[in-house]
Amino acid sequence: MCGIFGCVLKDGNAAPLIHAALKRLEYRGYDSVGEATLFEGKLYVKKDRGMIDEVHKVHNLDDLPGTIGVGHTRWATHGAPLEVNAHPHVDCSGQIAVVHNGIIENFSELKLELENRGHTFQSKTDTEVIAHLIEETLKANPSLSLADAVLETVKKLEGSYAVAALSQREPDKIVCVRNESPLVVGINENAIYCASDIPAFLPLTNKAVIIDDGEIVILSLKGYEIKKIADSSLVSREPKLIDWSPEMAVKQGYPHFMLKEIHEQPECLRNTLRVQEHYIDLMSSFLDRARECFLVACGTSYHACLASSYMFSKLAFLATYPVIASEFVEQHGKSVNIDSTILAVSQSGETTDTLAALNCARQRAATVLGLTNAIGSTLTRISRVYICQQSGPEIGVAATKTFTSQLSVLAQLALGLAKKRGKISQDEMDFLKEKLKKLPATVETIIQTQEEKMKQIAKKYKDAKGFFFLGRGISTATAYEGRLKLMEIAYVPAIAFPAGESKHGPISLVEPGFPVVFICPKDETYKTLIGNIMEMKARGASIIAVIEEGDEEVRRLADDYVEVPKGIPEVLSPIPFVIPLQLLAYYMAIERGHTPDTPRNLAKSVTVK
Ligand code: M6R
């Protein structure tokens with residue numbers, strides 16, 4: 001998975017603008033970077049391995065000449081992160097350059113064919129075949145335009161791609177194509193842009209055109225022309241106004257996007273309460289009708305699914321099966337059928353594992369529903385009904401604000417379903433809705449009052465070799481999420497499991513001083529959880545507890561604690577209780593000298609299996 005960007009400007013230099021846009025796309029991958037521009041009929045390329053700032057320091061990415069160009073920030077799939085494998089890739093003549101996000105599955109066959117025709121390859125990437133195929137097509141038929149050559153080329157490709165291509169022969173155009181990898185176009189009076197996502201050009205324009213699978217788009221100063229790849233028919237599509245302000249996509253004074261995004265949660269939770277009732281109603285009708293209902297997602301989104309399975313069960317008496325998307329096909333692929341409903345949760349709406357599970361379900365005529373943060377994403381296009389969680393762009397690789405937004409929407413959905421099924425009294429409904437409304441303020445209070453405390457706790461445990469995260473009931477999902485956050489950004493090995501499982505094995509790892517985080521809402525599991533805390537304490541563990549304000553009992557047992565306000569209903573508890581865990585992970589990463597926004601080996605949107 002990678003980020004691509006391209007621009008055609010009326011005047012000025014494209015290179016610095018591409019550089020800035022790539023920085024905004026860095027969350028999509030950051031092991032190599034490159035740019036290509038056209039100036040006076042000649043192609044210029046700079047690229048290298050390393051993060052954008054490092055490469056810029058060595059090569060100065062801003063001094064390429066020309067008003068037109070493309071750029072790429074890479075997360076390696078084929079070929080190690082090396083200079084030769086960095087994009088853009090060029091053809092044999094050095095006249096055509098391409099940047100690509102996705103995977104060309106049949107690239108080995110194509111490469112062999114092209115090599116037999118005399119093409120020389122520089123890299124180990126799948127992408128390079130695209131440049132050579134365009135070259136070959138133009139060689140065979142020199143009267144073709146670049147767009148026609150790209151059209152012919154992509155007909156030979158199998159796999160996923162968002163590609164932007166430049167050629168010396170038509171120095172005023174960028175040609176882009178899309179299949180299963182995101183591609184958007186941005187436009188203003190002075191320029192036209194293409195990118196993997198909207199934040200890449202958001203400071204430049206708020207007018208965006210979403211490109212669909214199977215489409216080619218030609219960008220020039222005259223505007224954009226979209227065609228279907230299958231039959232070259234013209235597609236007419238007006239730009240949409242994006243109401244994300246450019247400020248929403250920058251750090252606003254925070255040292256890292258992750259911290260900014262943790263602090264944005266009250267606002268995001270307010271926005272999620274604006275999700276339109278009729279979408280909740282429509283989606284809950286599908287859930288109500290389902291004979292079996294799977295909740296499918298990866299990573300943090302899976303934890304939201306896990307938490308929501310408790311919500312659906314407790315509020316609407318609906319049994320649901322949370323499934324990790326990459327296992328769905330193996331686990332349920334054969335049994336899923338027309339009576340099955342799959343609710344997929346994906347912040348990006350582009351996660352390949354999730355989309356693969358949905359493809360399998362759709363082939364078997366199951367109903368697909370989606371919850372995502374990305375309108376225009378593949379998930380929104382393949383879902384019968386989808387809900388946008390309204391979190392705004394999340395740049396930090398670690399999901400924070402998008403997790404709590406997902407939980408809020410899923411709680412609203414469980415409530416809607418409970419109402420539809422007649423499983424909830426009016427009083428209970430009013431009570432829970434009122435509590436949901438108060439959550440943004442509750443989260444604000446937690447951040448304001450507990451952040452400093454978490455900073456100190458992180459200082460104290462910064463050298464810990466491992467952590468446990470434990471909860472019972474719905475807090476199991478909170479524990480899983482706390483553990484994932486700590487592992488992914490602070491690189492601390494951690495284990496999470498339902499607290500009841502300790503005695504079945506994991507407790508043997510505990511020795512004096514081993515940190516164990518307990519999630520302790522005062523719900524029906526509270527008394528039993530106290531027993532689990534005692535078990536750990538008896539073996540010398542250091543107890544870090546997330547408790548309700550004034551919970552003297554756990555406070556006495558804990559070595560360290562942070563508090564969340566009292567009186568939060570069990571089904572909503574993951575939202576406030578996860579906040580201190582996000583802060584713990586963030587400050588542990590800082591204490592240990594890591595960059596929380598760009599953890600090693602990871603990318604924001606995982607578009608490979
Ligand atoms: O975009 P998605 O919600 O489908 O992404 C799923 C996971 O890749 C994502 O949640 C990942 O686990 C995050 N890095 C967690 O912080």
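For sorting residues, Ala, Val, Leu, Ile, Met, Phe, Trp, Tyr, Cys and Pro count as nonpolar, Asp, Glu, Lys and Arg as charged, and the others, Gly among them, as polar. In this predicted model, the shell around the ligand divides on that basis into six nonpolar, seven polar and two charged residues.

The shell holds 15 residues in total, and the closest are Ser-301, Ser-346, Ser-348, Thr-351 and Glu-488. Two helices, helix 9 (299-316) and helix 15 (475-490), each supply at least two residues of the shell.

Several side chains place an N or O atom within 3.5 Å of the ligand, the cut-off for a polar contact. For Thr-351, the distance from a side-chain N or O atom to an oxygen atom of the ligand is 2.5 Å. Ser-301 has a polar side-chain atom 2.6 Å from an oxygen atom of the ligand. For Lys-485, the distance between a side-chain N or O atom and an oxygen atom of the ligand is 3.0 Å. The ligand taken alone exposes 420 Å², and the protein buries 91% of that area. As for its location, the ligand sits in the second largest pocket.

Now consider the whole chain. The protein chain contains 18 helices and 25 strands. Its radius of gyration is 25 Å, close to the 25 Å that the globule rule gives for 609 residues, so the chain is as compact as a globular protein of that length. Along the principal axes, the C-alpha atoms of the chain fill a box of roughly 80 × 50 × 45 Å.

Two loops carry backbone features to look at. The loop between helix 11 (352-363) and strand 19 (367-372) contains Ala-365. Ala-365 is not a glycine, yet its phi is positive, at about 65 degrees.

Note on methods
Residues are numbered from 1 along each chain as its sequence is written. This is a predicted model: local features need pLDDT of at least 70, side-chain atom pairs count only at pLDDT 80 or more; totals for chains, interfaces and linings use all residues. Side-chain values use heavy atoms; hydrogens and water are left out. A residue is near a molecule or strand if one of its heavy atoms lies within 4 Å of it. A polar contact is a pair of N or O atoms within 3.5 Å; within protein, one must be able to donate a hydrogen and the other to accept it, and residues adjacent in sequence count only if both atoms are side-chain atoms. Accessible areas come from the Shrake-Rupley method with a 1.4 Å probe; for residues, only the protein chains shown count as cover. On a 1 Å grid over the protein atoms alone, a cavity is a set of points where a 1.4 Å probe fits but cannot get out, and a pocket is an open set with protein on both sides within 12 Å along at least five of seven lines; lining residues have an atom within 4 Å of a point. A molecule sits in a cavity or pocket if more than half of its atoms lie within 2 Å of its grid points. Helices (H or I, at least four residues) and strands (E, at least two) are DSSP runs, numbered from the N terminus. The radius of gyration is taken over C-alpha atoms; the globule rule is 2.2 Å times the number of residues to the power 0.38.
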